[in-house]
Structure formats: C-alpha cells, structure tokens
Amino acid sequence: MESQTQQTYWITGASSGIGQALSTELAKQGHKLIVSSRKREELDKLRSKFPDLIEVLPCDVSNRQEMENLFGTKMPELKSLDGIFLCAGVCEYIDLPDFNLDAFQRVFSVNYHGTVYSCAAAHPLLSQSAVQNQGKKKPFIVGLCSMSSYLGFPRAEAYGASKAAMAYFLDSLRADVGDIIDVIPVYMGFVETPMTAQNNFPMPFIISAEQAAKGILKQFRKRPLRINFPLRLHLVLSFFSKLQRLWYLSVIPRMRRSGSNI
Ligand SMILES: NC(=O)c1ccc[n+]([C@@H]2O[C@H](COP(=O)([O-])OP(=O)(O)OC[C@H]3O[C@@H](n4cnc5c(N)ncnc54)[C@H](OP(=O)(O)O)[C@@H]3O)[C@@H](O)[C@H]2O)c1
C-alpha cells in the first residue's frame, strides 16, 4: 500500500462489496488481514484465496456485548494493529408517511454504533502500534461514509443521517487521537455492490467495487483528512451544496419523480 513492509490490518464488512475488494487488494500487496462480518462462510471463502495472510474474525459490529473486548476474547495473541478499514454497513430507505422506526434503529445500530464499537475495540491495539513505531508510521482508521451526507436526499432519512453521524464521529475522534492515529472518513459515491443492487433508480458515475478499493488505497497514500471518491460525483454534489436552493427546488423534484436517492 504505502510501503513494502508487511502490515496487519482489520477490515470489517469484508464478506462482500467494497470491504471484500479492499481485502483482496491488500492481501495481493502481501499484508496480513483480520477480516470480519457476520457470515463466516463468506469470510472463509476469502481466506481460502490467501490462507497465509488472512484470519477470520466473525462478529456483529452492532452487538455491543460481543464488540466489547472483541480482540481480548477472540484473539488474545494479537498485540497491535497497524490500521483498520471500517466497511460494515447496511442501507434501508424510508417510505414516508411510514417513518419505520425499526429501520432507523437497524441502520444506526450498524452504521453508527457499529463504527463506535469497532473503534473502541481496535483503539488499544492501534495505540500499541503507535508506541512501537514511535511516531514514524502512524496507525490509522479509515471509515466508509457516504456522499449522501453532503445534502438532503429523498428516502435517506435513516441511511444518510447514520453516515453523517459516522463521519462526524470520525472527525471528532481525529480531534482527540489525531496526534498518534490518522482518522480518515471516505465519502463514497455509488459503487456496484449487493447494497446498491436493490436500487432501481439512476446512479450517476457508478463504479465497480474493485475501482472503489483501488481509488481509496491510491488516495490513502497521502494520508488526507478525508477521501472523496469518485471525484466527479464529489464535484457535482459540492457544487449543489453551495447552491442548496437550486438542489431542493430543481434537482430533488426530478429525483422524487424517478424514485431516486443516494
Ligand atoms: N455501495 C455504495 O454505493 C456505497 C456508497 C457509499 C457508502 N457505502 C458504504 O460502504 C460500506 C460497504 O458497503 P457495500 O456497498 O460494500 O455493501 P455490501 O456489499 O452490502 O457489504 C456490507 C458489508 O457489511 C457487513 N455487515 C452488515 N451488517 C453487519 C453487522 N451487523 N456486523 C458486521 N458486518 C456487517 C456485511 O457482511 P455480513 O452480511 O456477512 O455481516 C458486508 O460484508 C458500507 O458502510 C456502505 O454504507 C457504499
């Protein structure tokens, strides 16, 4: 990735989509990986491709009890982590007037609380890596957020808000631990994965999971404060975030008619 030295990374949401593609790229680069998600069979399939590099650690990131002392309980031999990629996530859309409060709870419990629990679980191991490296090479937290946070999107009251909360959490965490751990939210556009396979609306500038993984890792090399990928959607949405009246009066009505969101 950023050097030839073998590093040890934890990747959540590794059983599918972007997390799986990132795991494959990083294993090809020779790094050691601990891969997590709920479906053990999918993780085992990934491991079978790189048996010397990958260890599986099935867990439900939304389960606070399971996540508390996750590594101490399930991998007591692990002493440090060089970085983590938080890719576990779910998306459910809201169809008003049904506020579907259960959907809000499910989405927040994985996307927001799951992120917090994962960071809490990994923090001692990342700090240990910072001590060992004596500031020469900072450990990191990379979290998959969403460009849906830039503006209000129809039907995204639960998903978009959970990703905005996740991004804020990561920014705030950087303010506290940034001197020893790099914290990098990834504002992601549309990626072809099982998550977006449910969408029946146009997804501008959609890219493959492999393109997403390569793009994230390329931008990551410079350790930016945030990653925006792909750039074209970032530019379009940034433009409208400066001209919100135009967004809500002109773009959103057209999106609503086509059942669109992000
Ligand atoms: N695809 C996009 O267009 C897009 C855009 C912006 C942001 N993102 C974000 O990118 C991340 C990856 O999304 P994706 O598109 O790759 O989706 P995906 O293919 O559906 O993958 C989601 C991953 O999260 C895991 N997961 C879900 N709930 C979990 C839980 N409770 N505990 C542990 N793991 C859990 C799933 O594995 P199990 O089912 O095995 O648990 C799976 O590995 C998500 O955070 C998503 O919000 C995606």
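**Before you start**

Count residues from 1 along each chain as its sequence is written. Because the model is predicted, local features need pLDDT of at least 70 and side-chain atom pairs count only at pLDDT 80 or more, while totals for chains, interfaces and linings use all residues; side-chain values use heavy atoms, with hydrogens and water left out.

**Stop 1: the ligand**

Pick Ser15: an N or O atom of its side chain is 2.7 Å from a ligand oxygen. Go on to Gly17, where a polar backbone atom is 3.5 Å from an oxygen of the ligand. Then try Tyr159, which has a polar side-chain atom 2.7 Å from a ligand oxygen.

How much of the ligand's accessible area does the protein cover? It covers 95% of the 880 Å² that the ligand has on its own, by the Shrake-Rupley method with a 1.4 Å probe, where for residues only the protein chains shown count as cover.

Next, colour by element: helices (H or I, at least four residues) and strands (E, at least two) are DSSP runs numbered from the N terminus.

**Stop 2: the largest pocket**

Rolling a probe the size of a water molecule over the atoms shows where empty space is left. On a 1 Å grid over the protein atoms alone, a cavity is a set of points where a 1.4 Å probe fits but cannot get out; a pocket is an open set with protein on both sides within 12 Å along at least five of seven lines, and lining residues have an atom within 4 Å of a point. Points are joined across faces, edges and corners, and a volume is the space filled by probe spheres set on them.

The largest pocket has a volume of about 860 Å³. Select Cys87, Ala88, Gly89, Val90 and Met195, the closest to its centre of the 41 residues that line it. The space taken by the ligand is this largest pocket.

**Stop 3: the cavities**

How many cavities of 30 Å³ or more are there? The count comes to 2. The largest cavity holds about 40 Å³ of space. Select its lining, which includes Thr12, Val61, Val110 and Met166. Helix 5 (101-133) gives the most to this lining, with 4 residues.

The second largest cavity has about 30 Å³ of space. Among the 11 residues that line it, Gln7, Asp82, Lys137, Lys138 and Pro139 are the closest to its centre.

**Stop 4: the backbone**

Most residues other than glycine have a negative phi, and most peptide bonds are trans. Which residues does a cis peptide bond with omega of about 15 degrees join? They are Leu96 and Pro97, and Pro97 lies in the loop between strand 4 (83-86) and helix 5. Move to Phe229 and Pro230, where the peptide bond is cis with omega near 0 degrees; Pro230 is in the loop between strand 9 (227-229) and helix 8 (231-242).

End at Arg155, a residue other than glycine whose phi is positive, near 70 degrees. Arg155 is in the loop between strand 5 and helix 6.

Technical notes: A polar contact is a pair of N or O atoms within 3.5 Å; within protein, one must be able to donate a hydrogen and the other to accept it, and residues adjacent in sequence count only if both atoms are side-chain atoms. A molecule sits in a cavity or pocket if more than half of its atoms lie within 2 Å of its grid points.
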